[in-house]
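Take a look at the structure first, then work through each task one step at a time.

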Amino acid sequence: MSNKIVLALGGNAILSDDASAEAQQKALQTTAKYMVNLIEGGHKLTISHGNGPQVGNLLLQQQAADSEKNPAMPLDSCVAMTQGSIGYWLENALVRELKATGIEKEVATLVTEVVVDQNDPAFKNPTKPIGPFLTEDQAKEEMAKSEVTFKEDAGRGWRKVVASPKPIDIIGHKTINTLLDNDIITISAGGGGIPVVAPSMTGVEAVIDKDFASEKLAELVEADLFIILTGVDNVAINYGTADEQKLETITVSELKEYKEAGHFAAGSMLPKVEAVLTFLENKPKGKAIITSLECLADFGKKEVGTVIVAD
């Protein structure tokens, strides 16, 4: 059976220790091999991806070269730039892998704007760290010069923090759906999308969580299956303890109970769990999976990862 699938790929799966373009392209070539397994199954696929490490590196480059004649680009433009570069690398890798396996399909990358509410409370409480580490004195000096906020980050220094508002709409989701309906693989909503506020569609300095943006995309294109890739094969409760238990097939109610019991860490597994719960609340007949990239090799042959279904 053919399904419409939204596949959310983490930015750390693209970049490891080597931040060069060559190394990231090589990593994506390996990633593409696993994705082709979904395509071989006849599924209609749209891919979203993270960009945390990439946009962080780009911001460092922008700041290092900042001058009156060559001013640094704002955060929303940096998100757009990394959407373009990662989309290019991933599209190129997929096209190569499709040709190698004899599959004739087109791939399209869309630079995607995501609408956020300018009154989202996240704008009053920025929490998403970006950019370089500074000393406390340097951070206070920067805050005295402008309205930016810096916070101490886990004893490693002070970092600029920006808002992380929730996505409320995906600009161009009808176009994405049209491409999917015509069996064209799409890459969209990269890095959580470029945050813009309605009605002006003005870009804002914020970072949208990739998992929440991917969920909104899955909701709007009416996906049958929402897959979030992470660094582990399964979601677990009592993670990192002697009582750790991997979750396989689980209902929405069961997952909610584990979430309310505090089993999932904020900034790690929690947003993924919240994203799949939101998706299934909006599409009760759908299905969601949280798993690792490597597990995609067995997709269609057996159940992989943690499968979440309606009650």
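**Exercise 1.** Leaving aside its neighbours within four places in sequence, which residues is Gln-83 in contact with?

*Solution.* This is a predicted model, where local features need pLDDT of at least 70, side-chain atom pairs count only at pLDDT 80 or more, and totals for chains, interfaces and linings use all residues. Residues are numbered from 1 along each chain as its sequence is written, and side-chain values use heavy atoms, with hydrogens and water left out.

Step 1: list its contacts (heavy atoms within 4.5 Å): His-49, Leu-110, Val-111, Thr-112, Ala-189, Gly-190, Gly-193 and Ile-194.

**Exercise 2.** In what order do the eight strands of the open sheet run, and which strands stand at the edges?

*Solution.* Step 1: the order is S3-S9-S2-S1-S12-S16-S17-S15, with mixed pairing (two strands pair if DSSP finds at least two bridges between them).

Step 1: S3 (107-109) and S15 (249-251) are the edge strands; each has a single partner strand, so one side of each is left without a neighbour in the sheet.

Step 2: zoom in on S12 (residues 225-230) and S16 (residues 287-292), which pair in the parallel sense over six bridges. Here Ile-227 stands opposite Ile-289 in S16.

Technical notes. Helix = DSSP H or I, 4+ residues; strand = E, 2+ residues; numbered from the N terminus.
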